[in-house]
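Please read them with the structure open.

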Amino acid sequence: MNGRATAVGVAGVSKTFRIPRQHIMSLKERALHPFKRVQVTDLHALKDVSFEIEQGEFFGIAGRNGSGKSTLLKCMAGVYRVDQGEITVAGRLVPFIELGVGFNQEMTALDNVVINGVMMGMSPREAQRRFHAVVGFAELEGFLDLKLKNYSSGMQVRLAFALMVQADADVLLIDEVLAVGDAAFQQKCFDAFHDLRERGKTVVLVTHDMQMVERFCQRAMLLDHGVVADIGDPPSVARRYLELNFEEAGEAEVTAARPGDLSHGVAIGDVWVEGQDGRRADSVGQGDPLVIRAEIESLAHIDDPEVGVTIHDESGAVVFGTTTRELGREEEPFQRGDRLSLRIALRNDLRPARYYVDCGVHEGTHRVAAFRPRATDFLVFGNRAQSGLVALEHTFELERQSDRTEAATTP
Amino acid sequence: MSSVAAPRRVRGPSAFGGGLRRTLYLTWIIGLTEYRLTYFGSALGYLWALMRPLMLFGVLYVVFSKIVKFGDDIVNYPMLLLFNIVLFNFFADASTRAVTSLVDREAIVRKMHFPGMVIPFARVLSGGMNLAVSLVAVFIFLLAYGINPRWTWLLLPLLLVPLVLLTLAVAMLLSALFVRFRDVAPIWAVISSALFYGSPVLYAIDKVPEDYRQVLMLVNPLADILEQGRRWVIDPNAEGAIAAAGGGAWILVPVALGLGVLALAVWVFNHEAPRIAERL
């Protein structure tokens, strides 16, 4: 917050939807009951929301389904009119509520690029000029004559994304669109966003995926039931998000062994690290075997459990993470009273530093059954000093191509 | 770092918001797309823009000229029929397709900041492109039929401007109302066929009994447009809109009526526009 200009200002914004009990009224009803008020339910989607986003910031707006985040996004994009308050935007704001708005399956890439460009506020000529940059970015040069319907879904996403990056917006508003596409594509997207940020553009990401917020955003805001629940640095917002999820779950038996521990249905007991000799260790040598152990007890029936750990460094950067689901394992449901022992063995290729282990259990893909941040920590020692997060095993060859050595050794 | 633009207030959706240029670009690109897709995939493609009115003309011509011998005493009746059908078809087609336009285009309306009226306007524009193609064919037929070109043919735009304005007005009005009342679609289907018979499309205005003739000319602006077209394009001895409406200042009544519909349409659309995205 070094006094940069405000890119987006939201001040006291409220938005209420009046939802009629019976959505579509016919004229006949109107005619027969002219004075009958339509019964409506007021849905307060946003209540006095205020915040500011600075220019060049990568800002995350998180919230669960129904928290009002999409409504907020649509108000910012000018699709909905706010009831109260004011939203100001500096420069051109381009929303991406959906990839490829206005795409027409029967038309070619060129036609679609022009249509989409005009939708985003370009003139047809400008949009046409941008065509080559767009298909270049999307890597679709060989498929220009095809109709869109003959593109694979991946190609369509690439085209849509290329349009978005090339739209020349000052403020980009992105709604979950990145959920589509594989990890490599997502990474490419975020590389592109970082690039935009370097150029002083502002990126606003709206998502329910807290991981994404933590990975990419510099600052985040949490919306809950239409009010700002938290705003600040992503890790603390992520924590608040987890807490909210628990409060919602009702009878949360939070066994606060330490502040920050969460337990709902599953208790994570002891978590420790074992060294080369199979004994508990505080420090592990570089290149040695490293074993992470944990004891888990199920306090309830847990369907589709997923158990995982992450290792991160002092700054919070995740160095390594693994879960049963990521390994493709499908675990049997936990029964109440089940005791489990976790053992993850790996070779310690970490750089010398202090590391922390988080351990967690999910039920399904979203509900957190237990989470213990910084459940244990360990120190890595060694003298393979190099830069970077990990000390990957490698060979290093540097050969001289010229024959200077030969010349020097020959008398 | 790029220079910072001054913050501007986000105004939310409206009928005309987003600037005139953007409105025009959007109307053009969406209208063009719809036009290109109208006959897409059919073997004859754009030829259908010509074939459809011609085939309808063929049917009506056989019925009214050969079977019921209706048009015998109307000068150049077949050509009048063709001309009228092309003009009326534009109005009926464009307005009918505009009714559901906002709902059809939900994907755009709910996802972009959008000057709402672009959507019904684009439908009218794509209808207008069809009309332009058809009119070229009509004039070729007129020449082939042996009607001599007259300078009054150049006045055609004076007919098309009020016709297009009226169509736009109806398109805006109906599309905005349809979002709220889905009854609008069947009601308009009935009204537009009533208008077909209530306008001098199949007949000339002098076929209408004296008592009703003036009333018809006063309450139905389409009647005035078609009758004036008959005088300028088909038969210079025809009465023309002004005389048929009762002469002199009477013509201001249908003009005022048309402008009234336009004003009402703009008001309704403007009133509804901010909430259209929420109601879809």
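1. Chain B holds 12 helices and 1 strand. The model is a predicted one, so treat the points below as computed from it.

2. The order of elements is simple to state. Chain B reads β-α-α-α-α-α-α-α-α-α-α-α-α along the sequence.

3. Overall dimensions come next. The C-alpha trace of chain B spans about 75 × 45 × 40 Å along its principal axes. The radius of gyration of chain B is 21 Å; a compact globule of 280 residues would have one near 19 Å, so the two agree.

4. Among contacts in chain B with a separation of 6 or more, 78% are between residues 24 or more positions apart.

5. Now the interface. In chain B, 31 residues are in contact with 40 residues of chain A. On the chain B side, β1 (7–9), α1 (20–38), α5 (106–109) and α12 (252–279) each supply at least two residues. The largest share, 6 residues, comes from α1(B).

6. What is the make-up of the side of chain B that touches chain A, in nonpolar, polar and charged residues? The residues there divide into 18 nonpolar, 4 polar and 9 charged.

7. Strand pairing also links the chains. β1(B) runs antiparallel to strand β4 (residues 84–90) of chain A, and 3 bridges join them. Within β1(B), B:P7 stands opposite A:A90. β1(B) is also among the elements that supply at least two residues to the side touching chain A.

Definitions and conventions. Residues numbered from 1 in each chain as written. Chains lettered and ligands numbered in written order. Predicted model: local features only at pLDDT ≥ 70, side-chain atom pairs only at ≥ 80, totals over all residues. Contact = placed C-beta atoms within 7 Å. Helix = DSSP H or I, 4+ residues; strand = E, 2+ residues; numbered from the N terminus. Nonpolar A, V, L, I, M, F, W, Y, C, P; charged D, E, K, R; others polar. Pairing = 2+ DSSP bridges. Rg over C-alpha atoms; globule rule 2.2 N^0.38 Å.
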